[in-house]
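I opened a new notebook page for this structure.

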Amino acid sequence: MFRGNHPTRVDEKGRLKLPAEFKRRVDELYGPQFYITSLDGKRAQIHPLKEWEKIEAQMAKLSPLDPVRKKFLDVTNYYGQMAEMDAQGRLLVPQLLRETAKVMGEVNVLGSQTFLEVVNAEMFKADLQSASGAVELTASDLAAFAEKTNS
């Protein structure tokens, strides 16, 4: 599992150096191949190729005519590109995604269990604070989470 928040930078060439903790996990379990995409243009998602292939296998079970399947593939293909980690542990974030999600300069790399998310550090903190006035989970957030996990 990938977990936690690791502040870092995307350099002027669009390369993200994987934080050491995440790189160790990648080296242990996955190897250098990734699929980088987004579901909303606001966050870059970095999927180890083995994990992305599991998502593709689930999508293959749906009818090719399924409108949700079509939309998911349209969005993830629009933003997506294959990437290979270099010897220094860097990944090239696709230019379209760097521009759309503003993942340049200071970023946060967030663990999302089986993949990583990269967000613009300043915008991410502002979004968290505007949603609730502070960077915290509210009692109603926790109650909703408990309800979903107990179903």
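Before the strands, I wrote down a rule: two strands count as paired if DSSP finds at least two bridges between them. I also noted that the model is predicted.

**Entry 1: the hairpin.** I looked up β7 and β8 and found that they form a hairpin with 2 residues between them. In the turn, Q113 has a positive phi of about 65°. I then checked how β7 and β8 are joined: there are 6 bridges, and the strands run antiparallel. β8 covers residues 115-120.

**Entry 2: another partner of β7.** I looked up strand β1, residues 5-10, which is joined to β7 by 6 bridges. β1 and β7 also run antiparallel. For this pair I noted that T8 stands opposite V107 in β7.

**Entry 3: cover of β7.** How many of the residues of β7 are buried? I read off 6 of 8, so the strand is mostly covered, buried meaning under 20% relative accessible area. β7 spans residues 105-112.

**Entry 4: T76.** I moved on to helix α3, residues 67-79, where T76 is found. Is T76 buried or exposed? T76 counts as buried because its relative accessibility is 0%. I next looked at the side chain of T76 and found one of its polar atoms 2.8 Å from the backbone oxygen of F72. Last, I listed the contacts of T76, leaving aside neighbours within four places in sequence: Y35, T37, S38, L39 and W52.

Terms used: Residues are numbered from 1 along each chain as its sequence is written. This is a predicted model: local features need pLDDT of at least 70, side-chain atom pairs count only at pLDDT 80 or more; totals for chains, interfaces and linings use all residues. Side-chain values use heavy atoms; hydrogens and water are left out. Helices (H or I, at least four residues) and strands (E, at least two) are DSSP runs, numbered from the N terminus. Buried means under 20% relative accessible area, exposed over 50%, partly exposed in between (1.4 Å probe, protein chains only). A polar contact is a pair of N or O atoms within 3.5 Å; within protein, one must be able to donate a hydrogen and the other to accept it, and residues adjacent in sequence count only if both atoms are side-chain atoms. Contact means heavy atoms within 4.5 Å.
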